[in-house]
Amino acid sequence: MSDLERLMGDCPTLADLPAGARAAVAGQAIAMAVPSGTLLFDTGHACQALPLVVSGSIRVFKRAESGREISLYRVRRDELCIVTISCLLGADAYPATGVAETEVTAVALPRPLFLHLTEHHPPFRQAVFHLFAERLAGLMQLVEEITFRKLDQRLAGLLAARAPLILGSHQQLADELGSVREIVSRLLKQFEEQGWLALARERIEILRPDALAEFASGPR
């Protein structure tokens, strides 16, 4: 069994394709295996294929001219990249950046194959647009949080969700939230003074996830 056939067998989105469609995928799809840190697409790049992630995580984010970043979402197993789908359907260039956050294995569907499957195989089309709708709802929630929730609440919610231990730099948290490291560091210090967490180098131990969650859900 080839690497592509093995990956196809592990890909939920391709599970119910009829024999003819599976043969088309086997003949045209591309097996991907990339290390952590690989740039998969960038703003302005032409969109060539849809990656169906089998394992690993792709971080999709926007970067401003100042260098500040904000995470839009992550693509993991049985999830789709809404940015890639919209670009494939509209033949547009990418408006965001995608980087392999971990080692990633995936089945990449070239644009002609993706369009063929979407047009001719209703179960595939339904699965794609169902996942597209889920991802769009997540993006709308992100817009709502950025617009209506204070940064300290958003940070508290992020910390509570990742309890009990967060490994990484303050800059990485700032990139998640679309902020700057100095502000995030100051808020973390305030949370530490409240007794909600303990800070160390590239390490945050969450002591009171309940308090962080309550603060995050408080009045905006």
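1. In helix H4, which spans residues 111–120, the residues Leu113, Phe114, Leu117 and Thr118 are buried, where buried means under 20% relative accessible area, exposed means over 50%, and partly exposed lies in between (1.4 Å probe, protein chains only). Seen down the axis of H4, these buried residues fall within an arc of 130 degrees, so they line one face of the helix; the arc is that of the directions from the helix axis to the C-beta atoms. On the other side of H4, Pro112 and Glu119 are exposed. Helices (H or I, at least four residues) and strands (E, at least two) are DSSP runs, numbered from the N terminus.

2. A word on the model itself: it is predicted, so local features need pLDDT of at least 70 and side-chain atom pairs count only at pLDDT 80 or more, while totals for chains, interfaces and linings use all residues. Residues are numbered from 1 along each chain as its sequence is written, and side-chain values use heavy atoms, with hydrogens and water left out.

3. What do the buried residues of H4 pack against? Their partners are helix H2 (19–28), strand S3 (49–55), helix H3 (82–90), strand S7 (104–110) and helix H5 (122–148), with contact taken as heavy atoms within 4.5 Å.

4. UniProt, in an unreviewed entry, places the feature "domain: Cyclic nucleotide-binding" at residues 13–135; its positions are given in the numbering used here, feature names are shortened, and annotations may be inferred rather than shown by experiment. Over residues 13–135 the chain is 35% helix and 32% strand, and the end C-alpha atoms are 15 Å apart.

5. The largest nonpolar core has 46 residues, of which Leu14, Val25, Val60, Val83, Val107 and Leu109 touch the most other members. Such a core is a set of buried Ala, Val, Leu, Ile, Met, Phe, Trp, Tyr and Cys residues joined through side-chain atoms within 4.5 Å. Not counting residues up to four places away in sequence, Leu14 touches Met8, Arg22, Val25, Leu52, Val107 and Phe124. Apart from this core lies another, of 20 residues, among them Leu155, Ile166, Ala174 and Leu197.

6. Ala93 lies in the loop between H3 and strand S6 (97–100), and at 39% relative accessibility Ala93 counts as partly exposed. Leaving aside neighbours within four places in sequence, Ala93 is in contact with Gly44, His45 and Cys87.

7. Side chains of opposite charge can pair when their charged atoms come close. With a salt bridge taken as a side-chain nitrogen of Lys or Arg within 4 Å of a carboxyl oxygen of Asp or Glu, the count comes to 12 salt bridges. One of them joins Glu176 and Arg59, whose closest N and O atoms are 3.8 Å apart. This pair links distant parts of the chain, since Glu176 is in helix H7 (residues 170–177) and Arg59 in strand S4 (residues 58–63), 117 residues apart. Both Glu176 and Arg59 are buried.

8. Glu176 also meets Arg162 in a salt bridge (3.3 Å, N to O). Arg162 lies in the loop between helix H6 (151–161) and strand S8 (165–167), and Glu176 in helix H7, so the pair ties together parts that are 14 residues apart in sequence.

9. Finally, salt bridges that share partners join Arg59, Arg63, Glu69, Arg74, Glu101, Arg162 and Glu176 into one network.
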